[in-house]
Amino acid sequence: MLLVWFFTENDIFYLLFVASLASVMADTWATEIGFFSNKSPRLITSFQAVSKGTSGAVSVLGTFAAILGSLIIVITGLLSGGENIISNNLYLYFIIVIIAGTAACFFDSFLG
């Protein structure tokens, strides 16, 4: 996406690039930080309580970690040159990337 953006200068490709990084960060943080949750995670498909580390399980702490991870990528994307690209749609940029990152994390859990 970044290469396509570089050659076409179409801002949607920069947004897609940042959103893809947000999904990776969200999933990683949800897994690593969610492991420290005091409550048992629940399967995303049936909400049945399962043990930590079970594929497809989610927790509240992991969800907040996913949102925070996406937020960090949003800020990094702005600081690395994105402010020129999305300056007139800053709030929309934040919302799209955070939702995309968190949704991708949940989709990954659903597939798990």
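Guide: With the axes: they are lines fitted to C-alpha atoms, for helices over the stretch in contact, and angles run from 0 to 180 degrees between N-to-C directions. Helices (H or I, at least four residues) and strands (E, at least two) are DSSP runs, numbered from the N terminus. This is a predicted model, in which local features need pLDDT of at least 70 and side-chain atom pairs count only at pLDDT 80 or more, while totals for chains, interfaces and linings use all residues. Residues are numbered from 1 along each chain as its sequence is written, and side-chain values use heavy atoms, with hydrogens and water left out.

Visitor: At what angle do α3 and α4 pack, and how far apart are their axes?

Guide: Two packed helices are described by the angle between their axes and the distance between the axes. Helix α3 (residues 60-79) packs on helix α4 (residues 90-111) at about 140°, and the axes are 9 Å apart. Therefore α3 is oblique to α4; angles under 35 degrees count as roughly parallel, over 145 as roughly antiparallel, 65 to 115 as roughly perpendicular and the rest as oblique.

Visitor: Which residue classes make up the contact of α3 with α4?

Guide: Contact means heavy atoms within 4.5 Å. Ala, Val, Leu, Ile, Met, Phe, Trp, Tyr, Cys and Pro count as nonpolar, Asp, Glu, Lys and Arg as charged, and the others, Gly among them, as polar. The α3 and α4 contact has 13 nonpolar, five polar and no charged residues. On the α3 side they include Ile-67 and Leu-71, and on the α4 side Phe-94 and Val-97.

Visitor: At what angle do α2 and α3 cross?

Guide: At roughly 145°, with axes that come within 7 Å. Among the α2 residues in this contact are Trp-29 and Ala-30, and among those of α3 are Gly-62 and Ala-65. By class, the contact of α2 with α3 has 15 nonpolar, five polar and no charged residues.

Visitor: Is Ala-30 buried or exposed?

Guide: Buried means under 20% relative accessible area, exposed over 50%, partly exposed in between (1.4 Å probe, protein chains only). Ala-30, in helix α2, counts as buried because its relative accessibility is 14%. Leaving aside residues up to four places away in sequence, Ala-30 touches Phe-35, Gly-62, Ala-65, Ala-66 and Cys-105. Its C-alpha atom is 8.2 Å from that of Gly-69, 39 residues apart along the chain.

Visitor: Why does Ser-37 count as buried?

Guide: Because its relative accessibility is 9%. Ser-37 sits in the loop between α2 (11-34) and β1 (42-43). Beyond residues up to four places away in sequence, Ser-37 touches Lys-52, Ser-59 and Leu-61.
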